[in-house]
Amino acid sequence: MLTDLNAWKSLADHAREVERLHLRDLFALDVKRAEELTIDAAGIYLDYSKNRITRRTLPLLLDLAHVCKLEERREQMFQGEAINLTEKRAVLHVALRAPRDERIVVNGEDVVPKVHEVLDRLARFAETVRSGEWKGFSGEPIRNIVNVGIGGSDLGPVMAYEALRSYSRRDLVFRFVSNVDGTDFAEAMQGLDPAETLFVISSKTFTTIETMTNAQTARAWVMNRFDDAGAVARHFVAVSTNAKEVSAFGIDTANMFGFWDWVGGRYSMTSAIGLSTMLAIGPDHFRELLAGFRTMDVHFRTAPLESNLPVVMGMLGVWYTNFFGADTTAVLPYDQYLKRFPAYLQQLSMESNGKGVTRGGDRVAYETGPIVWGEPGTNGQHSFYQLIHQGTKLIPCDFIGFARTLNPLGKHHDLLMANMFAQAEALAFGKTREQVLSEGTAEWLAPHRVFAGNRPSNTLLIEKLTPHMLGELVALYEHIVFTQGVIWDVNSFDQWGVELGKVLAMRIVREMDGGTPADPLIRRYLDISRK
């Protein structure tokens, strides 16, 4: 068991020592700490000096990583071994951004040529739409693209679109529909003309209930305009592997773009699921995005553990989750374009490592995946930062900032970044009672103005938000999740926890259709809704 390992016990002993130390003292005793507890790699500068660690902590954490065979498990993933044990699948999102000359074999087949075959088809299709060559049923060029998916088929595309909006075609309108709540579809269609609208239906099986419910509603919306089944083929394309269902829907299978069972939904934004992203930013920028993913993949695979960005950040997450009782992690991007990035990371982390059994099926005796949340700065400063600074919860924070803004307006960016640096400093060092009183604060008020400090954070500083750097950031957190999953000995690549609710929902739908649900709450709903 993990907790029986000597490396784990050494960390537990060390944590009791560190708990008594304050970051103010750690910085005072180690004058080079701010300079040396950093990693500068792949265009990302990580300052991890404001963590509750000493010079002994990282070596102890990396010793645990060695004992848990992180390097071996990492290589198994890159080699295409079936590390998703419960579904007997390889985990090869890294193959989606491999160069053409790389060879990655799964079940005796090199998958890289097929990856690039799909990417090339996506690029050709994207160019026909972006150039106006692709026409709707009535001969109008496409001006609106609506991505219909859910989970990884929605969160990745919408996050990437918002993050890279500065690089997108501003004369094209992009909307995203995921929720089976009819309001989501109704609002997304506001102001759109069916004659100029293309739907991208993203569902590997083409049977996902929420996605296909929205897809059928979209089909009816188009048919209401044209009253001709031939219109479907000009206004719908599919990201799927189920040619039979795609064809039955009315989509030409020549406009079906597939991916593979070794691509998990939350790791799929660089697969054909990224079609709406490519339509928005164009094939060239999409290739830059892939190159960014690739850069971080190579770094994760080859950099020494002590200077490996995902490994260091991942192990620091283990440090707080398992030895300091931290239940959550806040991701705080100081760039408005990354407003959907924390939501994307929620699925990536919580669906991957939100597990209560080991890979062998035993109940874990330790905490696993933390709750991931966050909002862009400076908005968050005026809502939940109060709890982080003066509340009773320990919440490790990742600050993400850029040295250059895509929208220079006066002193806006300097003010934004000054706030980010200030928040990290305030969390680390706080404000003592003596400092508060020295400013003339009354005795009775002083306790309310004291900041305990000693709140840990990482700061990621990047030159500029580009497609390449977005790819690096996403891959960074993918590999953080992988690192933590290895330590906790969980399968980060299945998601059985989402299945039960789906099964029960379909049973309840049948009961509602029959009008005889056993649950009085559901009967109450029917009494009200059917009036």
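# Exercises on Contacts and Salt Bridges

Among contacts (heavy atoms within 4.5 Å) in the chain between residues at least 6 apart in sequence, 73% join residues at least 24 apart. The model is predicted, so local features need pLDDT of at least 70 and side-chain atom pairs count only at pLDDT 80 or more, while totals for chains, interfaces and linings use all residues. Residues are numbered from 1 along each chain as its sequence is written, and side-chain values use heavy atoms, with hydrogens and water left out.

**Exercise 1.** Describe the secondary structure and the overall dimensions of the chain.

*Solution.* Step one: the chain has 21 helices and 13 strands; helices (H or I, at least four residues) and strands (E, at least two) are DSSP runs, numbered from the N terminus. Step two: the radius of gyration, taken over C-alpha atoms, is 25 Å, close to the 24 Å that the globule rule gives for 531 residues, so the chain is as compact as a globular protein of that length. That rule is 2.2 Å times the number of residues to the power 0.38. Step three: along the principal axes, the C-alpha atoms fill a box of roughly 75 × 60 × 55 Å.

**Exercise 2.** State what percentage of the residues count as buried.

*Solution.* Step one: buried means under 20% relative accessible area, exposed over 50%, and partly exposed in between (1.4 Å probe, protein chains only). Step two: by this definition, 54% of the 531 residues are buried.

**Exercise 3.** Locate the salt bridge between Arg287 and Asp284, and classify both residues by accessibility.

*Solution.* Step one: the closest N and O atoms of Arg287 and Asp284 are 3.0 Å apart. Step two: both residues belong to helix H12 and are three residues apart, so about one helical turn separates them. Step three: Arg287 is partly exposed at 43% relative accessibility, and Asp284 is exposed at 56%.

Definitions and conventions: A salt bridge is a side-chain nitrogen of Lys or Arg within 4 Å of a carboxyl oxygen of Asp or Glu.
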